[in-house]
Amino acid sequence: MRIFSGIQPTGDKHLGNYIGGFRQYAKTQELGEAFFCIVDLHSITVEHDPRDLYERTLDLYAMLLAAGLDPNRSTVFVQSHVTAHAEASWLLSAVTSFGQLGRMTQFKEKGDVREFVSAGLFTYPVLMAGDILLYRTDRVPIGDDQRQHLELARDVAERFNSRFGETFVVPEGIYPEVGARIMDLQETTRKMSTTGGTEQGTVKLLDEPDVIRKKFRLAVTDSGREIRRAADKPGVSNLVDILAVATDCTPAEVETAYEGKGYGDLKTDVGDAVVAFVTPVRERYLELRGDEPELRRLLAGGAEKAETEAAPTLAAMYERMGFVARG
Ligand code: TYM
């Protein structure tokens, strides 16, 4: 079984990324042969600071290792180190529908709030489809916000296969049972995000413990007093989910444990649980991040493995599309 996922080296990584992404990656690497890609090419689709991209690429790598990815077991690499990604994206743009790209919610959301909307922001999902398809991926662990992009990747794979012959595996998503969509703690109907969320409502993985506790203490809860998951209680539902993940139990168990208790108790306990949950990751991160030459050495090994795996797929794409190979 082949597993692939990608994550952008932009913004500060937050609890949503950890719960919907990183935490799953470490688990899924047990299922088979896994590839995890730091998608730096995706990060230039919105305005970026070059110095920042450089630092954050290495930050994210150290963070992924701290979250439990093992570079000896999984292939962890930087997207721009493997040029097949950029090439695949161009080839696949021939079988991607313009209309479907225009319907992507992420494009609409990010595009709406910007004066300058890059062409890259629009074609972003094609690059993502290439990432996944190059490795003949069976399963893609992601959070809920990437569902539509994965659907598009599946459509692209099917269209390519039917026009040019069976080339790609049509991948399926793996979504966490709890925590596939962690919400902003202040604006509880928006997903937690460093690009679109609120500062107080976004719990960053590198926030100091006291900052984390404070953000949870100030979390917006809903009317009523009951601690249970419900559609009209997005704030409370989110806290229940986070507590369930951080203490490794089910939301139903959290609801039972908090019968008769108040929102204040819940907020304090979630804050403490999250601090306990992320502190070891943060400490390990700080240790790893200090040794940049070692991080770059490990990344070079990852790129080599990824390149070897991607090359035959890319060659097959060129060949089936009718390109003359260099003699
Ligand atoms: P990115 O970098 O925004 O997010 C990385 C992972 O974190 C998940 N996530 C969340 N999960 C739960 N609640 C949230 N609030 C939350 N916010 C983010 C995301 O679903 C994701 O799994 N386009 C992708 C990167 C990408 C990719 C790929 C992913 C590029 N190529 C190929 C999979 C396969 C993105 O921007 O993720």
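**Close-up views of a predicted model**

**View 1. Strand E3 and its four buried residues.** Thr75 and Phe77 point one way from strand E3 (residues 75-78), Val76 and Val78 point the other way, and all are buried. Buried means under 20% relative accessible area, exposed means over 50%, and partly exposed lies in between (1.4 Å probe, protein chains only). Helices (H or I, at least four residues) and strands (E, at least two) are DSSP runs, numbered from the N terminus. This is a predicted model: local features need pLDDT of at least 70, side-chain atom pairs count only at pLDDT 80 or more, and totals for chains, interfaces and linings use all residues. Residues are numbered from 1 along each chain as its sequence is written, and side-chain values use heavy atoms, with hydrogens and water left out.

**View 2. Parallel pairing of E1, E2 and E3.** E2 (residues 33-38) pairs with E1 in the parallel sense over six bridges. E2 also pairs with E3 in the parallel sense, over four bridges. Two strands pair if DSSP finds at least two bridges between them. Phenylalanine 4 stands opposite phenylalanine 35 in E2. Serine 5 has phenylalanine 36 of E2 as its bridge partner. For cysteine 37, the bridge partner in E3 is phenylalanine 77. E1 is mostly covered, with five of its six residues buried. In E2, five of the six residues are buried, so this strand is largely enclosed by the rest of the structure.

**View 3. The shell around the ligand.** There are 28 residues around the ligand, and Tyr124, Asp131, Gly143, Asp145 and Ile182 come nearest. A residue is near a molecule or strand if one of its heavy atoms lies within 4 Å of it. The shell divides into 12 nonpolar, 11 polar and five charged residues. Here Ala, Val, Leu, Ile, Met, Phe, Trp, Tyr, Cys and Pro count as nonpolar, Asp, Glu, Lys and Arg as charged, and the others, Gly among them, as polar. Strand E1 (2-7), helix H1 (15-28) and helix H6 (119-134) each supply at least two residues of this shell.

**View 4. Polar atoms facing the ligand's nitrogens.** An N or O atom in the side chain of tyrosine 124 is 2.6 Å from a nitrogen atom of the ligand. Aspartate 131 places a polar side-chain atom 2.7 Å from a nitrogen atom of the ligand. Methionine 192 has a polar backbone atom 3.0 Å from a nitrogen atom of the ligand. The protein covers 96% of the 720 Å² of accessible area that the ligand has on its own. Accessible areas come from the Shrake-Rupley method with a 1.4 Å probe; for residues, only the protein chains shown count as cover.

**View 5. Glutamine 8 and tyrosine 124.** Glutamine 8 is found in the loop between E1 and H1. Glutamine 8 counts as buried because its relative accessibility is 16%. A polar contact of 2.8 Å joins its side chain to that of tyrosine 124. A polar contact is a pair of N or O atoms within 3.5 Å; within protein, one must be able to donate a hydrogen and the other to accept it, and residues adjacent in sequence count only if both atoms are side-chain atoms.

**View 6. Helix H7 and the glycine after it.** H7 (residues 147-164) has 18 residues. From first C-alpha to last it reaches 26 Å, close to the 26 Å expected at 1.5 Å a residue. The expected span of a helix is 1.5 Å times one less than its number of residues. The buried residues of H7 are His149, Leu150, Leu152, Ala153, Val156, Ala157, Phe160 and Asn161. An α-helix has 3.6 residues a turn, so residues three or four places apart point the same way. Glycine 165 follows H7 and has a positive phi, near 100 degrees.

**View 7. Helix H9, mostly covered.** H9 (residues 234-246) has 13 residues and reaches 18 Å from its first C-alpha to its last, close to the 18 Å expected. Of its 13 residues, 12 are buried. Among them are Val236, Leu239, Asp241 and Leu243.

**View 8. Positive phi at arginine 136 and aspartate 248.** Most residues other than glycine have a negative phi. Arginine 136 is not a glycine, yet its phi is positive, about 50 degrees. Arginine 136 sits in the loop between H6 and strand E4 (139-141). Its relative accessible area is 33%, so arginine 136 is partly exposed. Aspartate 248 also has a positive phi, near 55 degrees. Aspartate 248 lies in the loop between H9 and helix H10 (251-257). At 72% relative accessibility, aspartate 248 counts as exposed.
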